[in-house]
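Please consider the model shown below.

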Amino acid sequence: MQQVDVIVLGAGIVGVSTAVHLRQRGLQVALIDRRHPGEETSHGNAGLIARNGFCPARFSNRAADLADIAIKQSTAVHYDLGAVFRMIPWFRRFAQHSGAQGIQRYARTMAPLRALAVKEHRALSAVSNGERFYRKSGWLQVYRSEASFRADERERHYARIFGVDYRELSGGDVNTVEPGLKADTLLGVFWPESESVTNPSGVVEALWRYFIQEGGLYFSGEASALEQRRSGWRISTPRKELTAKQAVVALGPWSADLASGLGDRFPLA
Ligand SMILES: Cc1cc2nc3c(=O)[nH]c(=O)nc-3n(C[C@H](O)[C@H](O)[C@H](O)COP(=O)(O)OP(=O)(O)OC[C@H]3O[C@@H](n4cnc5c(N)ncnc54)[C@H](O)[C@@H]3O)c2cc1C
């Protein structure tokens, strides 16, 4: 049995970053995951650290696009029918919040987080020797049609409001930024303040190693073993039983499963 200050459940980018921050504040932290750190969502992603991103992902309502999605011919969406039925209440809420007011609320909520993202990645990569994974080359967003370029105008509208730099590019300009593209008919937007990483799980691994080096504890274990006690939290792992006053749930897409078992429901799909 070991007592720590905080148990952090989940060793993706969120859990490992949280654990590093808590450790830097002098707390004794135990990080727990059933897999090796950074092997789930924090592995299979596009590695973009977007300085913009003020509008929720656009979901086409064109009949032809919806038909492609329905027969699984779209590269934009992959779905499992059973999951779609379970997600109906979530879709309903998503639709309710996708009006102009909902998007404005989302943009205002995201703006301070977006403003921190690149800075925060820089600080964490500097201490964890993860700088080799970062590309400071901005983000080129390319559009195949004038219509899709126009459909993203709201994103640029909020970028202007929140002071995020961007450049609109015609086909020839796109070709200059990215000579590998046949770009005569394309339109583009270049976001110079965004960055990207070449290896998302490498970033998590570097941070995790730094956390261990700084005295953090890591255990392989199952988060569902977490129990609430009068004095805090307790969890059994194959190696050790741990207790702590505080627990952080950073289980990515699985967070809602654990939280709902503890009576805390939030809309995550
Ligand atoms: C296709 C795709 C592209 C993306 N592109 C980008 C992008 O370009 N830029 C960007 O910023 N974001 C992107 N994202 C989002 C980004 O990947 C996620 O927001 C981020 O990785 C979430 O990190 P996390 O730590 O919350 O979750 P995860 O990385 O999933 O970590 C959760 C951890 O919890 C552990 N776990 C779960 N359940 C249990 C349990 N019961 N017991 C023990 N451990 C458990 C898992 O093993 C995992 O290690 C993308 C996502 C996808 C799917």
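On a 1 Å grid over the protein atoms alone, a cavity is a set of points where a 1.4 Å probe fits but cannot get out, and lining residues have an atom within 4 Å of a point. Grid points are joined across faces, edges and corners, and a volume is the space filled by probe spheres set on the points. The structure is a predicted model, in which local features need pLDDT of at least 70 and side-chain atom pairs count only at pLDDT 80 or more, while totals for chains, interfaces and linings use all residues. Residues are numbered from 1 along each chain as its sequence is written, and side-chain values use heavy atoms, with hydrogens and water left out.

One cavity of 30 Å³ or more is present. The largest cavity has a volume of about 60 Å³, and its lining includes Ile-13, His-121, Leu-124, Tyr-134 and Leu-207. Helices (H or I, at least four residues) and strands (E, at least two) are DSSP runs, numbered from the N terminus. Helix H5 (100-128) and helix H9 (200-213) each supply at least two residues of this lining; H5 gives the most, with four residues. If Ala, Val, Leu, Ile, Met, Phe, Trp, Tyr, Cys and Pro count as nonpolar, Asp, Glu, Lys and Arg as charged, and the others, Gly among them, as polar, the lining of the largest cavity has six nonpolar, four polar and no charged residues.

H5 also meets helix H1 (residues 13-24): their axes come within 12 Å and cross at roughly 70 degrees. Axes are lines fitted to C-alpha atoms, for helices over the stretch in contact, and angles run from 0 to 180 degrees between N-to-C directions. H1 is therefore roughly perpendicular to H5, a term for angles of 65 to 115 degrees. Contact (heavy atoms within 4.5 Å) involves Ser-17, Val-20, His-21 and Gln-24 of H1, and Glu-120, Leu-124 and Val-127 of H5.

Three strands form an open sheet in the order S3-S8-S4, with antiparallel pairing. Two strands pair if DSSP finds at least two bridges between them. Strand S3 (48-49) and strand S4 (134-135) are the edge strands. Two bridges join S3 to strand S8 (residues 195-197), and Leu-48 stands opposite Ser-196 in S8.

A pocket, by contrast, is an open set with protein on both sides within 12 Å along at least five of seven lines. The second largest pocket holds about 1,900 Å³ of space.

Technical notes:
Angles under 35 degrees count as roughly parallel, over 145 as roughly antiparallel, 65 to 115 as roughly perpendicular and the rest as oblique.
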